[in-house]
Amino acid sequence: LDTIKVKGREDTARMVAACRYMLSGTASMLTFWGTHGNAKSVALIATVNEFLERGVPAIYIPSYDLLNWLQDAFHANGEIKSESMLERLERVKFIRVLAVDELQGIKITDWRLEQLRNIVDRRWRDGLDGRIFTLFAMNEDPESLEPRIWSRLRDGRNALNGTPILENNDADMRPLLRRKA
């Protein structure tokens, strides 16, 4: 988190502070959203890495990889190939730290929506007592998500000062990171 540029970047500074708050064990569910290239993904990855350095099981994964990984356990006809789908879902629901990036970046089918609801609901419930920690990042306003998911993300009982959703509209840093020939 120390490597994220926050000077003159107020929204990014608030996001990094929220990640630190989570690392202290206080906040258990946070969602970051806003413009592209302002370190939302980097903040998720850095937070996961800091938890890992402390010996806490954690994973960072884009939403499309997560849902594809779960769906891969099924045959084309929808039957379970093995118990691995249920085992995979349980692993996602109960890992101590889960950071899901690009939450809006998936094609939603009924099955995927059901899995996403299931994951968010379980992590929200278990986060209320501080057993697990969950971070989400997205570019679209989370209010556009399915109502049951949106309701849990905005709840606030398990977030920084009751603020579970932070908008980051700082400028895109990617052009400044390009290598110069």
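Strands (E, at least two residues) and helices (H or I, at least four) are taken here as DSSP runs, numbered from the N terminus, and two strands pair if DSSP finds at least two bridges between them. This is a predicted model, in which local features need pLDDT of at least 70 and side-chain atom pairs count only at pLDDT 80 or more, while totals for chains, interfaces and linings use all residues. Residues are numbered from 1 along each chain as its sequence is written, and side-chain values use heavy atoms, with hydrogens and water left out.

An open sheet is formed by five strands in the order E2-E3-E4-E1-E5, with parallel pairing. Strand E2 (58–62) and strand E5 (165–168) lie at its edges and have a single partner strand each, so one side of each is left without a neighbour in the sheet. Strand E1 (residues 29–34) runs parallel to E5 and is joined to E5 by four bridges; within E5, Glu167 is the residue opposite Trp33. Against this sheet packs helix H1 (residues 10–23), which touches E1, strand E4 (133–138) and E5, contact meaning heavy atoms within 4.5 Å. The direction of H1 makes about 150° with that of E5, where axes are lines fitted to C-alpha atoms, for helices over the stretch in contact, and angles run from 0 to 180 degrees between N-to-C directions.

Strand E3 (residues 97–101) contains Ala99, which is buried, with a relative accessible area of 0%; buried means under 20%, exposed over 50% and partly exposed in between, for a 1.4 Å probe and protein chains only. Leaving aside neighbours within four places in sequence, Ala99 is in contact with Leu44, Val48, Ile59, Tyr60, Ile61 and Leu135.
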